[in-house]
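My notes follow in the order I looked.

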Amino acid sequence: MTGEKIKKNLTNLVKKVLPELPVNSVLEWLPPPQSEMGDLCLPCFKLGQELKQSPEKIALKLEKLLSSKISLIDLVDQVKSQGPYLNVFLNKPVWMEIVFQEILKNKKEWKEISFNKQKKVLIEYSAPNTNKPQHLGHLRNNFLGWTMAELFSLTKAKVTKVNLVNDRGIHICQSMLAYQKWGKGKTPESEKIKGDYFVGQYYVLFNQKVKDDPALLEEAQAMLQQWEQGDPEIIALWQKMNQWAIEGFKKTYQKIGVNFDYWYFESDIYEWGKKTINKALKKGLCYKREDGAVEIDLEKYNLGKKVLLRPDGTSVYITQDIGLAQLKQEQFNPDLSIYVVCSEQDYHFKVLFKILEIFDFNWVKNLYHLSYNLVFLPHGKMKSREGQTADADEVIQEMEKMAKGEILSRNPNLSPLEVSRRAEIITQAALKFFLLKFTPGQKINFDPQASISFDGDSGPYCQYTYVRIQSILKKIDKKEIDKKIDYQVLKNKLEIELTQLLFNYPEIIKKSTINYNPSYLAHYLLALAQKFNEFYHQFPVLKAEPKLKEARLVLIQSVALIIKQGLELLGIQVLEEM
RNA sequence: GCCCCCAUAGUUUAAUGGAUAAAACGUAAGAUUGCGGAUCUUAAAAGUGCAGGUUCGAUUCCUGCUGGGGGCACCA
């Protein structure tokens, strides 16, 4: 009996005793704000509107009508009205057994949250630029994309993760030109620098030099033309530098534990939208300007005018996205296609989706722009062209140093190998949790000194909670929890609240997934860990009476499993000791 | 100039239109002869930028204003 099923049974019963209720009315059963108020509640405001009665009266009426019939529903002990709310109390021992069994047995197979079964989901994220290393903003993108993929997988969607590498254009030529002029044949190997940093140096160098010598801009422009005409020397340089950058990216991806099923390269696809635009031109969906450029008028959607092809027929940014959207459709035929892209591009995606709609692609309804806000540093927005960034690798390195210090202060005799292993895992936890606990649409102010902590609202706090539970579980004989357990002994407030939290887990997964918002999961895990720590300080497990001990062991084992699974969804590993 | 987003304790953030606005950091005091103190307890601390409106009910929806961020390329 899952939460879903309990709610369904309750809904059916309410509809039976209130036959005057519209057949299609939806009842929402929620967790009450406080544990003493019950295990589920039904706010009666909407019912009140539908039946033209005060919600208080409805709640009272339901209490009366249902009380005699609750024996018809397993698990429900009593219903009680409180103002405009109807609160439901479940039979704790039976309910606990069900909640814990569900968690301990099912693990990865949660029928209740398989609501994306049969659905094909495509997630595009990361989209690095080959002229600079990835910074904190990319990390937010990477973690968001990766976590959404995990959430969709857990809910049984068939997920494909794709990366679109931004490897062509004038900005790439700028770093190429700088390397050609001042690189002196150096390589990442000769300089012992990670490839993406090596290339990034020349991008910064170009932007320094161009201040004194604006003619460099034209040179870069000329280089782009040579590139487009297939000049073998330019192409070779481009390939070499791209390779360096991409090798660097791959090291970072490996470090942060994200991956992709498929890679697109802009250099392959940048012209693919041309055909579609020319077709649309023939149908009169867009028009040719006097100077020969192809343009579309979106004024009536309040989106202005947009150039689709330059006067010389070459493609622009949106040309490529029009082509890529079709390519994805043909290649993967997704039911849902998500673009994880920063909110700076909200306008771009509005325009893109509108154009595809005007071009009459019916699958445009399956496209979703998962927009997330910028990451700001104390001195403002990151500017890679001025070298003012918080590079992902550097932030991670700094944090690992801090983590090592923390670990050593607690375990001075630990082997250096184990210290770095733990430091890596704890750093990932701190960083990922920090970036994912914010609602995606919310901007993040990142202050390297203040933002990263290993206590309080943090990933390591959740990890530590897990470690504590493991430390208890290590001390017991496994047989102790194989027995038939009487959950009547679990009756203090914290035990009940922990059960309520565990019971809500599927709902949190659902909410995080359908709202594209892993922060719900992050906040839930914090609440669960906090509640456990409160419990831990007040009530002994190992030294409790045998029956109580057994029941508590099952409870804390369930808590540990949910913390582990929840953290893993956020890309965070747990440790047995820390 | 136009468009989009945001504004909640000292700070950083929570809160499907619903029950007493919730945490963390910081501050002050306290808890180790208790399963790990990266923990816990207690206290002080906001009535949600300002002015209106809709609603039985607004942090949440609408209008205006103020302040901050982003965008408005034939750059990607």
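I am working from a predicted model.

I started with M148. Leaving out residues up to four places away in sequence, M148 touches I123, I338, L370, Y516 and P518. Another one, of 21 residues, lies apart, and A178, F206, A220 and M223 are among its members. The largest nonpolar core has 126 residues. I listed the residues with the most contacts inside that core: I123, M148, L525, V559 and I563.

**Helix pair α18 and α21**

V559 and I563 turned up again when I checked what α18 meets in α21. Helix α18 covers residues 459-473 and helix α21 covers residues 546-569. I read an angle of about 145° for their packing, with the axes 10 Å apart. The crossing of α18 past α21 is left-handed. Which residues meet here? From α18 I noted C462, T465, Y466, I469, Q470, I472 and L473. From α21 I noted I556, Q557, V559, A560, I563, K564 and L567. Sorted by class, this contact has 10 nonpolar, three polar and one charged residues.

**Surface near RNA strand B**

Next I looked around RNA strand B. I found 69 residues there, and F45, G169, Y317, G456 and S471 come nearest. Several elements give two or more residues to this surface, including β1 (40-43), β3 (85-90), α6 (170-182), α14 (346-358) and α15 (392-410). I also noted β14 (444-445) and α20 (519-538) among them. Which element gives the most? That is α18, with seven residues. So far, then, I have α18 both packing with α21 and contributing to the surface near RNA strand B.

**Positive phi**

Last, I checked two lysines. K184 has a positive phi of about 50°, although it is not a glycine. I placed K184 in the loop between α6 and α7 (188-191). Is K184 buried or exposed? K184 is exposed, because 7 other C-beta atoms lie within 10 Å, and the cut-off for exposed is 12 or fewer.

K192 has a positive phi of about 55° and is not a glycine either. Its loop runs between α7 and α8 (195-212). I counted 8 other C-beta atoms within 10 Å of K192, so K192 is exposed.

Key
Residues are numbered from 1 along each chain as its sequence is written. Chains are lettered from A and ligands numbered from 1 in the order in which they are written. This is a predicted model: local features need pLDDT of at least 70, side-chain atom pairs count only at pLDDT 80 or more; totals for chains, interfaces and linings use all residues. Axes are lines fitted to C-alpha atoms, for helices over the stretch in contact, and angles run from 0 to 180 degrees between N-to-C directions. Helices (H or I, at least four residues) and strands (E, at least two) are DSSP runs, numbered from the N terminus. A crossing is left-handed if the near helix is turned anticlockwise from the far one by less than a right angle, and right-handed if clockwise. Two residues are in contact if their C-beta atoms, placed from the backbone, lie within 7 Å. Ala, Val, Leu, Ile, Met, Phe, Trp, Tyr, Cys and Pro count as nonpolar, Asp, Glu, Lys and Arg as charged, and the others, Gly among them, as polar. A nonpolar core is a set of buried Ala, Val, Leu, Ile, Met, Phe, Trp, Tyr and Cys residues joined through C-beta atoms within 7 Å. A residue is buried if 20 or more other C-beta atoms lie within 10 Å of its own, exposed if 12 or fewer, and partly exposed in between; C-beta atoms are placed from the backbone. A residue is near a molecule or strand if its C-beta atom, placed from the backbone, lies within 6 Å of it.
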